[in-house]
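Hi,

Here's the structure I promised to pass on. Have a look at it first, and my notes follow below.

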Amino acid sequence: MEKYLPTLETERLIIRPISMDDKDYFFAMDSQAEVHTFLNKEPVQSIEEMEKVIALIRQQYEKYGIGRLGVIEKSSNQWIGWTGFKYIDELENGRIGFLDLGYRFRVESWGKGYATEAALACMQYYREHLTHFELHAITHTENKGSRHVLEKVGFQVTEEFYFDRWDIQCYWYDLVE
């Protein structure tokens, strides 16, 4: 199976596969309550829990050759979040077998344009290597920041749906070409 696990570089970021060595940085982000405001409202509570999350990401790498990628701020060499694609292999909004573009960043990194910069790099990679996959995105209906990023990188809302796994109301996005 072909692997789509690039290391991408932008003006301010390095985007690369996530490893178990990232667990402390990942935990520092995913344990922040604010990061989960528009998610499941359940911040990660332990390093062990984070190791399980990373193991699932690594399973996606092995099973599908694709998965979320870590984001490093070049100026500080600090791990500030993740971005990239996840292959959706469970029913989501009545669909299955597509890529989801996502991102999550430490609170300290918000408002600096990193999510947009990382998403643009991922979208360029998608257009060059992954167009044989259907691509969508979802976000909480009240998450204006995430909605803005998705619209900036080429998505548009096509419907609203209830995401029962996290008990939240979401927008479904399709890629506009």
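**Aromatic rings and the sheet**

One aromatic cluster is made up of Phe-98, Phe-161, Phe-163, Trp-166 and Trp-172. Rings of Phe, Tyr and Trp (its six-membered ring) count as a pair if their centres lie within 6.5 Å; planes under 30 degrees apart are stacked, over 60 edge-to-face, and the rest tilted. That rule gives nine aromatic pairs.

Before going on: this is a predicted model, where local features need pLDDT of at least 70 and side-chain atom pairs count only at pLDDT 80 or more, while totals for chains, interfaces and linings use all residues. Residues are numbered from 1 along each chain as its sequence is written, and side-chain values use heavy atoms, with hydrogens and water left out.

Tyr-4 and Phe-133 are an edge-to-face pair, because their ring centres are 6.1 Å apart and their planes at 90°. This pair joins the segment before β1 to the loop between α3 and β6, 129 residues apart.

Phe-85 in strand β4 and Tyr-126 in helix α3 sit 41 residues apart. Phe-85 is buried at 5% relative accessible area, and Tyr-126 at 6%.

As for the sheet, it's open, with eight strands in the order β1-β2-β3-β4-β5-β6-β8-β7 and mixed pairing; strands pair if DSSP finds at least two bridges between them.

Cheers

Note on methods:
Helices (H or I, at least four residues) and strands (E, at least two) are DSSP runs, numbered from the N terminus. Buried means under 20% relative accessible area, exposed over 50%, partly exposed in between (1.4 Å probe, protein chains only).
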